[in-house]
Amino acid sequence: MRYTGPKVRLSRRAGTPLTRKAVSYFEKRPYPPGEHGRRVRRSTSDYAVRQAEKQKLRWYYDLSEKQLARAYETARKRPGRTGEELIAELETRLVSVVLRSGLAPSIYAARQYINHGHITVDGKKVDIPSYQVKAGQVIGVREKSRQMVPFVEAAEGVHADDKTAGYLAVSHKDLRVAVVDRPKREQVPVPFDEQLVVEYYAR
């Protein structure tokens with residue numbers, strides 16, 4: 001199951017900010033949640049380290065265990081390094097593209113926009129967050145949704161990163177983003193060691 005509780009709590013459990021909003025909260029309380037959070041001693045066994053990295057990746061992309069395992073299996077079958085292919089697989093999910101392009105402030109908001117039918121792919125409504133976007137496809141916002149406050153803000157670049165991901169061509173004013181290439185690992189700013197995730201699944 002996907003986690004549906006407080007999002008900042010996840011960041012504190014992970015030991016790193018998983019969302020923009022979590023950054024300021026995490027600076028104030030950079031320790032695990034709960035009454036004994038300050039005194040919790042984390043296991044440093046090889047298995048625990050790999051499992052923790054897998055959990056961070058899962059929470060960052062808002063995935064269920066089954067979804068992440070499926071993404072790993074798909075990545076494992078592709079040519080190239082499995083860890084890098086796993087990140088590329090997760091970055092080309094529609095929900096990730098909506099977030100990375102600045103059309104949404106968080107992956108949770110991106111999921112909601114897609115589920116509610118506000119997002120299009122090549123001009124057609126797609127309401128499946130896990131939809132795999134291919135190079136050459138264009139993501140946009142439905143015409144009747146463009147006057148909603150979140151998308152007015154997105155058009156002003158409010159949710160955009162300082163630097164646009166190299167595999168995306170984004171026009172915030174037009175609420176339009178094109179995937180121009182499959183993501184390369186160095187273009188993806190996720191603070192994880194994907195090799196540990198691969199080792200977790202390969203054990």
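From the N terminus on, the elements of the chain follow the order α-α-α-α-α-α-α-β-β-β-α-β-β-α, which amounts to nine helices and five strands. Helices (H or I, at least four residues) and strands (E, at least two) are DSSP runs, numbered from the N terminus. The model is predicted, with local features requiring pLDDT of at least 70 and side-chain atom pairs pLDDT 80 or more, while totals for chains, interfaces and linings use all residues. Residues are numbered from 1 along each chain as its sequence is written, and side-chain values use heavy atoms, with hydrogens and water left out.

Of the 203 residues of the chain, 47% count as buried; buried means under 20% relative accessible area, exposed over 50% and partly exposed in between (1.4 Å probe, protein chains only). The accessible surface comes to about 11,100 Å², of which carbon and sulfur atoms contribute 48% (Shrake-Rupley method, 1.4 Å probe). Among contacts (heavy atoms within 4.5 Å) with a separation of 6 or more, 56% join residues 24 or more positions apart.

Two of the helices are set out below, with the expected span taken as 1.5 Å times one less than the number of residues.

| Helix | Residues | End-to-end C-alpha distance | Expected span |
|---|---|---|---|
| Helix 3 | 15 residues | 21 Å | 21 Å |

Buried residues of helix 3 include A48, E53, K54, L57 and W59. Just after helix 3, D62 adopts a positive phi of about 55 degrees.

The structure holds six aromatic pairs, defined by ring centres of Phe, Tyr and Trp (its six-membered ring) within 6.5 Å, with planes under 30 degrees apart counted as stacked, over 60 as edge-to-face and the rest as tilted. One of them, Y47 with Y200, is tilted, at 5.9 Å centre to centre and 35 degrees between the planes. Because Y47 lies in helix 3 and Y200 in helix 9, this pair ties together parts that are 153 residues apart in sequence. Y47 is partly exposed at 41% relative accessibility, whereas Y200 is buried at 10%. Y47, Y72, Y200 and Y201 form one aromatic cluster. R203 lies over the face of Y200, 4.2 Å from the ring centre; the criterion is NZ of Lys or CZ of Arg within 6 Å of the centre and within 35 degrees of the ring normal.
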